[in-house]
Amino acid sequence: MSRTPSSAPRRPGLLLALATLVVTFYLWLFLHAETQTGVALLLALALAAGLAAGRLRLVRSVEIAGNRRPGLARALAVAGALALIAAFHESHFVLLMICTVLLYTTACLGLTVQFGFSGVANFAGAAFFGIGAYATAVLAANTGLPHLLILVLSGAAAALVGSLLITPVLRTRGHYAALVTIAFGILFRTFIEVNDVLGGPQGLQVPGMRLFGYELNDGFTLFGADVSFYASYALLSLALCGGVFALVKALERSWIGLAMDVVRTDETAAATFGLHIARWKVVAFVMGNFFAGVAGSVYGMITGFIAPNNFTFPDSLLMLSIVVLGGLGNAAGLLPAAVIVLVLPEKLQFIQEYRFLLYAALVIAILLFRPDGLLPRRTRLFFHREPQR
Amino acid sequence: MSATVLVDVRGLTMRFGGLTALDALDLQIRPGEVLGLLGPNGSGKTTFFNVLTGLYKATSGSIAYDGQEVVGRTPQDIYRAGVARTFQRSRLSLPLTVFDNIVIGDYQHMRHGLVFNLLRRRAFRAEYERYVEKVVELLRIFSPPLVDRLFEPVAAFSMIDRRRIEVCRALLSRPRLLLLDEPSAGMTHEETHELMSDILDVRERLPGLTVVLIEHEMNVIERITQRCVVLNYGKKIAEGSYAEITADPQVQTAYLGEAE
C-alpha cells in the first residue's frame with residue numbers, strides 16, 4: 001500500500017535536477033510578474049501543472065527520488081534558492097520577500113516539532129518570533145555583544161519565556177492547551193504595547209547585523225553589479241533555514257522523534273513503556289520556541305524596525321496554517337506552503353481587498369483536494385537505505 | 001520470599017466514585033508460571049492490570065512486586081522494574097511502522113541525549129542498526145512474515161498481526177512479568193489458535209518469564225495456563241487448576257447465573 005512501484009523513478013538524480021529547474025524557473029517568472037494577466041496566467045499554469053502532476057504521480061516520484069538521494073535533494077534546493085537570490089540581486093522587495101519566506105519557514109519548523117511531532121498546538125508562534133526580535137533590538141542597541149551570540153540569546157529568550165507556559169500547557173490537553181497559548185499570544189502583544197521601555201505601540205529600531213566586522217546593511221558590489229544589502233540577509237536566512245531544517249530532520253529520524261510520535265499518538269501506551277510524557281512535550285516546546293525566536297531575531301535585524309503589530313494573533317494563525325497546509329509533521333512541505341501563504345497575497349495586490357478572498361479560497365481548495373496538506377508526512381525511515389537483513 | 005512469590009497482592013481495593021472495581025483482592029503470582037485470570041465482564045480483571053502497571057492508583061491495599069511496593073509508583077518506574085503488557089483494545093501508534101512500534105518497547109535502554117540523537121549520527125546509526133537486528137531476531141521467532149514488512153505502517157495490518165506486534169513490543173525489553181489482556185479478542189477461531197501457539201512458543205524460549213493472561217476462551221485457558229484465578233465483582237471467588245475452577249459451583253454461578 002505504501003509502496004507504489006510505478007511512481008518509483010529510475011533515475012532519481014535526473015528527476016530531482018529537472019524538478020528543481022522547473023520550480024526555480026517558475027518562481028523566477030512568478031516573482032517577476034507584475035501585470036494582472038501575467039500573474040493570472042502563471043496561477044492558472046500552476047493549477048493545471050499541479051493537477052497534472054498529481055494525476056501522473058509526479059509529486060510522489062519526486063518525493064521518492066528525494067528520499068533516495070537526500071543529500072542531492074538538499075543541495076539542489078539550496079542551489080535553486082541561491083539562483084533566485086542571484087537573479088533578484090538588485091530588487092529590495094523580492095529579496096525581502098525571500099527572507100520572510102525563509103524565516104517564517106524556520107519558525108514553522110519549530111512549530112512542526114511542537115505540533116506535528118509532539119502534538120502540542122502552539123497558537124502563539126508569532127509571539128515567540130516577536131520575543132526573539134525584541135530581545136535582539138534590546139541586546140543589539142544596549143550591549144556590544146557579537147551579533148551571532150545575540151541570535152542565540154534571542155532564541156534562548158523565546159525558549160525561556162515559553163517555559164513559563166509549560167506548566168499550564170502540560171496540565172491541559174488538546175483544545176485547552178491551545179487556548180493557553182492563544183491567551184499568551186494576546187498577553188504578549190498587549191504587554192509590548194503598554195510597555196514604554198520597549199517602545200510601546202510605536203515600536204523599536206533594530207540595528208543592522210554585523211558579522212565578523214562586516215555590516216550587512218552596507219550592501220556591496222560584485223563583478224561590477226550593485227547588490228542589494230538584502231541579498232546578504234537572504235543568504236543568512238537561507239543558512240539559518242537550512243541548518244534548522246537539517247536539525248529537525250535529524251530529530252525526526254532519531255529516538256527522540258520516535259518518542260515524540262508515540263507521546264502524540266497514545267499517552268497511555270507511552271507511559272506503559274517508560275516514556276515520560278511531560279519531558280518530551282517540554283523538549284519539543286522549548287526547542288520549537290527557540291527556533292521561532294532565532295528566526296524572529298534575524299527578521300528584526302532585516303526590517304530594522306519592529307512594532308507590536310508585526311506579531312499579532314493573525315500572524316500566529318498564518319504560521320500554523322503554513323504548518324497544516326504543508327502537511328502536518330512534514331518539514332519538506334513547509335517551504336511550498338510558506339510561498340503560497342506569504343507570496344501569493346503580495347502578488348495579488350491588483351485586486352486589492354479581494355486578494356484575501358481569492359487566497360483564502362485557494363487554501364481551502366488545496367485542503368479540499370489534499371486533506372493531509374501539500375506533502376503529507378510519510379512513515380519514518382531512519383536512514384534512506386535500510387540495513388540489509 | 002521472592003523465590004516463591006513474584007507478585008503479592010494484599011487487600012487491593014480500587015473504587016471509581018461509587019463503583020468498587022476491586023474489592024479487597026488477595027492474589028499471588030508465582031515466578032515462572034502462566035496464570036489465567038478469569039471472570040465475567042466487569043469483574044475487575046483489566047482494572048487489576050491497570051493498577052499493577054501504575055495507570056491507576058489503588059484506593060487501598062498493597063502490591064509487592066519482587067518485594068517492592070508498587071502502589072503509588074509511576075507506570076514508567078514499574079516498566080523499568082520489568083513489567084510489560086498488551087492492551088485489550090490495541091494500543092499501537094497506527095501511523096508508525098512495525099519497527100517503530102516494537103522498538104519503543106525497549107525505550108529504557110535507548111540513548112536519549114540531544115547531542116547523541118541529533119549530531120552524532122554515525123553513533124546513532126550504529127545503535128539503530130543494533131536495534132533493527134534485535135527486532136528482526138524477535139520477529140523471526142514469533143512472526144516471520146512481518147520481517148519483510150518491517151517498515152510498513154501498522155495501520156495496514158490485520159488484527160492478529162497487530163496483536164503479535166503488541167506482544168513483540170512487550171517482549172523486546174525482556175520483561176520478568178508479561179501481562180496479556182485478552183489477546184484473542186476480536187479474532188477468528190483459527191487466529192486464536194495461532195496466537196496460542198505463539199504464546200506457548202514464548203514460554204518455551206523464555207522459561208523464566210512469568211505470564212498473566214486475561215482470557216474468555218476456555219480452551220485457551222485450558223491449554224496454556226497452569227493455574228487460574230477467577231474474579232467476580234472485584235473479588236476472588238476461586239483459585240486452582242483449570243479442572244478445579246470449572247468444577248467450582250461458585251464459578252458456574254458467576255458465568256451461567258443461578259441454577260433453578
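Two residues are in contact if their C-beta atoms, placed from the backbone, lie within 7 Å. Keep that in mind for the exercises below.

This is a predicted model, where local features need a pLDDT of at least 70, side-chain atom pairs count only at pLDDT 80 or more, and totals for chains, interfaces and linings use all residues. Residues are numbered from 1 along each chain as its sequence is written, while chains are lettered from A and ligands numbered from 1 in the order in which they are written.

**Exercise 1. Find which residues of H6(A) meet which residues of H14(A), and work out how the two helices lie.**

Step 1: Locate the helices. Helices (H or I, at least four residues) and strands (E, at least two) are DSSP runs, numbered from the N terminus. H6 of chain A covers residues 125-142, and H14 of chain A covers residues 313-327.

Step 2: List the contact. On the H6(A) side you'll find Gly125(A), Ala126(A) and Ala127(A); they meet Asp315(A), Ser316(A), Met319(A) and Leu320(A) in H14(A).

Step 3: Read the geometry. Axes are lines fitted to C-alpha atoms, for helices over the stretch in contact, and angles run from 0 to 180 degrees between N-to-C directions. Here the angle is about 110 degrees, and the axes are 6 Å apart.

Step 4: Name the arrangement. Angles under 35 degrees count as roughly parallel, over 145 as roughly antiparallel, 65 to 115 as roughly perpendicular and the rest as oblique. H6(A) and H14(A) are therefore roughly perpendicular to each other.

Step 5: Sort the residues. Ala, Val, Leu, Ile, Met, Phe, Trp, Tyr, Cys and Pro count as nonpolar, Asp, Glu, Lys and Arg as charged, and the others, Gly among them, as polar. The contact of H6(A) with H14(A) then splits into 4 nonpolar, 2 polar and 1 charged.

**Exercise 2. Describe how H5(A) packs with H10(A).**

Step 1: H5 of chain A (residues 92-117) and H10 of chain A (residues 229-252) pack at about 20 degrees, and 9 Å separates their axes.

Step 2: That angle makes H5(A) roughly parallel to H10(A).

Step 3: Now the handedness. A crossing is left-handed if the near helix is turned anticlockwise from the far one by less than a right angle, and right-handed if clockwise. The crossing of H5(A) and H10(A) is left-handed.

Step 4: In this contact of H5(A) with H10(A), the count is 20 nonpolar, 5 polar and 1 charged.

**Exercise 3. Trace the antiparallel sheet of 4 strands in chain B.**

Step 1: Get the order. Two strands pair if DSSP finds at least two bridges between them. This open sheet runs S2-S1-S4-S5 in chain B.

Step 2: Spot the edges. Strand S2 (19-29) and S5 of chain B each pair on one side only.

Step 3: Follow the bridges. S1 (residues 7-16) and S4 (residues 60-65) of chain B share 5 of them, with Arg10(B) partnered by Ser62(B) in S4(B). S4(B) is joined to S5 (residues 68-69) of chain B by 2 bridges: Tyr65(B) is partnered by Gln68(B), and Ala64(B) stands opposite Glu69(B).

Step 4: Look at the turn. S4(B) and S5(B) make a hairpin with 2 residues between them, and Asp66(B) in that turn has a positive phi of about 55 degrees.

**Exercise 4. Say what chain B brings to its contact with chain A.**

Step 1: The contact takes 34 residues from chain B and 29 residues from chain A.

Step 2: H5(B) gives the largest share of chain B's side, 7 residues.

Step 3: By class, that side of chain B has 17 nonpolar, 8 polar and 9 charged residues.

**Exercise 5. Check the predictor's confidence.**

Step 1: pLDDT is the predictor's confidence in each residue, from 0 to 100. Chain A averages 87, and chain B has a mean of 88.

Step 2: For the complex, the predictor gives an ipTM of 0.90 and a pTM of 0.90.
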